[in-house]
Amino acid sequence: MALSEQDLQWMRHAIRLAKRGFPAPNPHVGAVIVKDGALVGEGFHPYKGAPHAEVFALQQAGERARGATLYVTLEPCCHYGFTPPCTNAIRAAGIARVVVGMLDPNPEVNGKGVQQLRDAGVQVEILSPDIPAEAKLINALEAVNRIYLYWRRHNRPFITLKAAMSLDGKIATHTGNSKWITGTRARGMAHRLRAEHQAVLVGVETVIRDRPRLTARVRGVVNQPLRVVLDAQVRLARWHRKPREMPILNPWRGLTHLPTVVFYKGLPYYPDGKQLHKRARWLEELGVSTVPVYTDPEDSYRVSVRTVVSDLWHVWEVRSILVEGGGQVAASFLEAKLANRIAYFYSPKLIGGADARTALEGLGVTEVARAPRVVNITHRRFGEDWLIEGDIMYPD
């Protein structure tokens, strides 16, 4: 049975709420409570560890929640995690009807939350992909939780390649200067992208050249992303006596912990292997985590991105990665077919230069027909700059 137009309107409001907050790796969720046609409570999940959207909405509604309808973008949780089950709170509040946007693919939930509510006598309805108006909302929910849904369904991290470049594809001049290619508004959006991912990854060349903090400087961000550096030869150890000159080596900003992990080349087969481990220890003394990568012993200048991604997934529990550069690092993720999406900022500038760095370097493809394609492309304007986003499809 199709939902009413009023139901759809309230679900659209819940979807707008869901877009707020930065809950990575948790999903974006919005909740709205309606009684006698009037809004009595609303909420969203602001960050990992905070109460869920349903709880905020129920707290706002108070006694008015009894007999009301709850619209929630994702199936309510039914297990204990950082917070108690939302299904318990919904039942205790006396909610009579729940309209769910989509089921949660989390194996601890995935239909169990809906069943618990139905077993308790709560009427539960779920958006149907077979009804056009409801399918449109499901598509919107898929976009809101693109990252969460991917890693839940595929059991591997979602990886985005991000770059800021001129219209001719340059991320820096031939002298290495790159500040600033894009404007303030575009850079603000770039910080939001960082906040949506659990880790921000760069190569050591980018760190040395730009001295980035790699933090998400956006209001509302509580859990900062893990800062990840690929530094095969542990070149950052040069700053172990003067870490203030290298922001990424500073693990604290006020009371906020800013964790950093450096992946370097573990070289038991080479004479300088012990020296690399010594340099790594210097970084450890500064509070930086270091991880030796022992794969590909024939290449002493690169760290295997496959190994890095596996370690981030299994050891660090990272479910999403924003790869910010540079061109060689981005190319390595593309060549390994690990990247899922691009987020390319274009500025109306023409930098030129045969030796100027580009967003994608590496070897590149040998035939145009074998090039990965970008599909589901969207574009948004931020001041004078444009953000082009899309999903990467690899040739068979």
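**Talking through the fold**

Trainee: Where is Glu 317 found?

Mentor: Glu 317 has a phi near 55°, a positive value in a residue other than glycine. To place it you need the elements: helices (H or I, at least four residues) and strands (E, at least two) are DSSP runs, numbered from the N terminus. On that scheme, Glu 317 sits in the loop between α10 and β13.

Trainee: What kind of model are we looking at?

Mentor: Residues are numbered from 1 along each chain as its sequence is written, and side-chain values use heavy atoms, with hydrogens and water left out. Local features need pLDDT of at least 70, side-chain atom pairs count only at pLDDT 80 or more, and totals for chains, interfaces and linings use all residues, this being a predicted model.

Trainee: What radius of gyration does the protein have?

Mentor: The C-alpha atoms fill a box of roughly 70 × 45 × 40 Å along the principal axes. The radius of gyration is taken over C-alpha atoms, and the globule rule is 2.2 Å times the number of residues to the power 0.38. For 396 residues a compact globule would be near 21 Å, and the protein agrees with that at 23 Å.

Trainee: What percentage of the residues count as buried?

Mentor: There are 11 helices and 16 strands in the protein. Buried means under 20% relative accessible area, exposed is over 50% and partly exposed is in between (1.4 Å probe, protein chains only). Of the 396 residues, the buried share is 53%.

Trainee: And of the contacts between residues at least 6 apart in sequence, what percentage join residues at least 24 apart?

Mentor: A contact here means heavy atoms within 4.5 Å. Take the contacts between residues at least 6 apart in sequence; the share joining residues at least 24 apart is 73%.

Trainee: How far apart are the end C-alpha atoms of α1?

Mentor: The expected span of a helix is 1.5 Å times one less than its number of residues. Helix α1 (residues 5–18) has 14 residues, so it should span 20 Å; the distance between its end C-alpha atoms agrees, at 20 Å.

Trainee: What do the buried residues of α1 pack against?

Mentor: Quite a few residues of α1 are buried, among them Leu 8, Trp 10, Met 11, Ile 15 and Leu 17. The buried residues of α1 pack against β1 (30–35), β2 (38–44), β3 (69–72), β4 (97–100) and α5.

Trainee: How are α5 and α6 oriented to each other, roughly parallel or roughly perpendicular?

Mentor: Two packed helices are described by the angle between their axes and the distance between the axes. Axes are lines fitted to C-alpha atoms, for helices over the stretch in contact, with angles from 0 to 180 degrees between N-to-C directions; α5 (residues 132–144) and α6 (residues 146–154) have axes that come within 5 Å and cross at roughly 80°. Angles under 35 degrees count as roughly parallel, over 145 as roughly antiparallel, 65 to 115 as roughly perpendicular and the rest as oblique. So α5 and α6 are roughly perpendicular.

Trainee: Which residues make that contact between α5 and α6?

Mentor: By class, the contact has four nonpolar, no polar and three charged residues. Ala, Val, Leu, Ile, Met, Phe, Trp, Tyr, Cys and Pro count as nonpolar, Asp, Glu, Lys and Arg as charged, and the others, Gly among them, as polar. From α5 come Leu 141, Glu 142, Ala 143 and Val 144, and from α6 come Arg 146, Leu 149 and Arg 153.

Trainee: How many residues of α11 are buried?

Mentor: Helix α11 covers residues 327–335. Its buried residues include Val 329, Phe 333 and Leu 334, and the buried set packs against elements including β6 (158–166), α10 (305–314) and β16 (385–393).

Trainee: Is Arg 97 buried or exposed?

Mentor: Arg 97 lies in strand β4. Leaving aside neighbours within four places in sequence, its contacts include Asp 7, Tyr 71 and Glu 125. Its relative accessibility is 15%, so Arg 97 counts as buried.

Trainee: What is the relative accessibility of Ser 166?

Mentor: Ser 166 is in strand β6. Not counting residues up to four places away in sequence, it touches Ile 181, Tyr 346, Ser 347, Lys 349, Leu 350 and Ile 351. Ser 166 counts as buried, with a relative accessibility of 0%.

Trainee: What is omega for the cis peptide bond between Ala 24 and Pro 25?

Mentor: Pro 25 is in the loop between α1 and β1, and Lys 48 touches both Ala 24 and Pro 25. The cis bond joining Ala 24 and Pro 25 has an omega of about 5°.
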